[in-house]
Amino acid sequence: MFVDSAKIYIKAGDGGDGCVSFHREKYVAAGGPDGGDGGKGGDIVFKADDNLSNLIDFRYKRKFVAERGKDGSAKNCTGRNAPDLVIKVPRGTVIKEAETGRILADISGDEPVVICKGGKGGRGNSHFATSTRQIPRFAKPGFRGDEYEVQLELKLIADVGLVGFPNVGKSTLISVVSAAKPKIANYHFTTLTPVLGVVRLDENSSFVMADIPGLIEGASEGVGLGHEFLRHVERCRLIVHVVDVSGCEGRDPIEDFEAINRELENFSEELAEAPQIVAANKCDMATPEQIERFKQYVTEKGYKFFEISAATTKGTQELVKAVYEDLVKLPPVKQFEAQPLTQEELDDKLLSKKDFSVTVEDGVYYVEADWLWDVLRSCNMEDYSSLQYFQRVLRSTGIIDKLEEMGINEGDTVNIFDFEFDFVE
Ligand SMILES: Nc1nc2c(ncn2[C@@H]2O[C@H](COP(=O)(O)OP(=O)(O)OP(=O)(O)O)[C@@H](O)[C@H]2O)c(=O)[nH]1
Ligand SMILES: [Mg+2]
């Protein structure tokens, strides 16, 4: 089975917690704080692997979580950093944030790409000693690792893409100009998955050609096999548009040509504007008048035109040479750029990090917010300075205001992750 898209969940490791500890030694009365820092959580890294040809593995495993950093320990021992989790994907896999469709990376080079950063380790209590606070009874928890739901989309890497109606001879063409051996048969939708072939002109010149399933009118609305497979020619530097010029199936080559171009346009404007060479196939079955009529139409539109017969290989070498000559002048295979968040989106993200909700039940005020968990974990409620810090956070993030707005009175109970305390103004 050929799978070219998959949705998976990835999460980098959280940082290890800092440690609360005090130096102990015989005859030393009050050793200072010596709690070490937590280690860093593992990153989620993507890497191209040429032994993989599609995304089928992600049908079975959809969740990837990197290890957490180790906690710090006494004697200023820093916790161990967790190893990165490397996810191997076929070359040409584009990673998008599932929620927004924003491109995070294009794994078509050799460099591994970090998609989720592991959380930093929390600091141990030895960092928090000051002249006025000699016994810090708290440490910081590790930071959380990034997490994402991502859409993986394989976009094959080829210089040239063959597009056209079903049964016009696309697979026959790739089979005579390259070593690829796709299935060829006299019915529609013979090709069900994309096929790549290397076309060699001589020792030093070659290019990669992609054969994809046939398109029909309405493919962009999902008719036939749909236009899904067009994503595999999206990177192509040049399109070879194959048309059955003999009209042996009762269609008109000019109408075919226009219909396919409309489907390309519906898929993506960029693809519609890619340079195109027209290959009028099945010339062995066409009359000279048929060929001439189509040739005139196509050349008037400004396209290069080649009459070929893939079945007899007539004209195919001329086509291949012309394709190569054009490729030399064209920019390299397209890479998809990662799309960073805009300033506005970054701000929204930061703001939403401070979102919270307050509900009242039986006189108890329940405050809920994901981010508060980390704050709460970093505080030692038996420690005065730690408690002060906690109160400062509640005030600066607007939680106290909200509680007052909701009519809280002195002495009422506030509950945050089951930690309860009395409200004092
Ligand atoms: N007479 C003639 N027949 C051809 C030529 N090229 C291909 N054919 C025949 O046309 C039929 C379809 O060829 P394919 O190469 O499978 O066509 P395709 O465009 O890949 O079709 P799909 O994969 O279904 O989209 C086969 O029976 C081929 O033998 C040609 O130049 N002349
Ligand atoms: Mg085919």
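Biologist: Which pocket does ligand 1 take up?
Modeller: The space taken by ligand 1 is the second largest pocket. A molecule sits in a pocket if more than half of its atoms lie within 2 Å of the pocket's grid points. On a 1 Å grid over the protein atoms alone, a pocket is an open set of points with protein on both sides within 12 Å along at least five of seven lines, whereas in a cavity a 1.4 Å probe fits but cannot get out; lining residues have an atom within 4 Å of a point.

Biologist: Before we go on, what sort of model is this?
Modeller: This is a predicted model, in which local features need pLDDT of at least 70 and side-chain atom pairs count only at pLDDT 80 or more, while totals for chains, interfaces and linings use all residues. Residues are numbered from 1 along each chain as written, chains are lettered from A and ligands numbered from 1 in written order, and side-chain values use heavy atoms, without hydrogens and water.

Biologist: What is the volume of the second largest pocket?
Modeller: Its volume is about 350 Å³, counted as the space filled by probe spheres set on the grid points. Among the 24 lining residues, N167, V168, G169, T172 and A185 are the closest to the centre of this pocket.

Biologist: And how many residues surround ligand 1?
Modeller: There are 23, each with a heavy atom within 4 Å of the ligand. The closest are N167, K170, S171, T172 and T191. Helix α2, residues 170-177, gives the most to this shell, with three residues; a helix here is a DSSP run (H or I) of at least four residues.

Biologist: Which backbone atoms are involved in polar contacts with it?
Modeller: Oxygen atoms of ligand 1 lie 2.9 Å from a polar backbone atom of F189 and 2.9 Å from one of T190. For V168 the distance is 3.2 Å. A polar contact is a pair of N or O atoms within 3.5 Å. The protein buries 88% of the 650 Å² that ligand 1 exposes when taken alone, with areas from the Shrake-Rupley method and a 1.4 Å probe.

Biologist: Changing topic, how many cavities are there of 30 Å³ or more?
Modeller: The search of the whole structure finds two. The largest holds about 40 Å³ of space, and its lining includes D244, E249, R251 and D256. By class, that lining has two nonpolar, two polar and five charged residues.

Biologist: What about the second largest cavity, how is its lining divided?
Modeller: Its lining has six nonpolar, three polar and one charged residue, with I212, L215 and F229 among them. Asp, Glu, Lys and Arg count as charged, Ala, Val, Leu, Ile, Met, Phe, Trp, Tyr, Cys and Pro as nonpolar, and the others as polar.

Notes:
A polar contact is a pair of N or O atoms within 3.5 Å; within protein, one must be able to donate a hydrogen and the other to accept it, and residues adjacent in sequence count only if both atoms are side-chain atoms. Helices (H or I, at least four residues) and strands (E, at least two) are DSSP runs, numbered from the N terminus.
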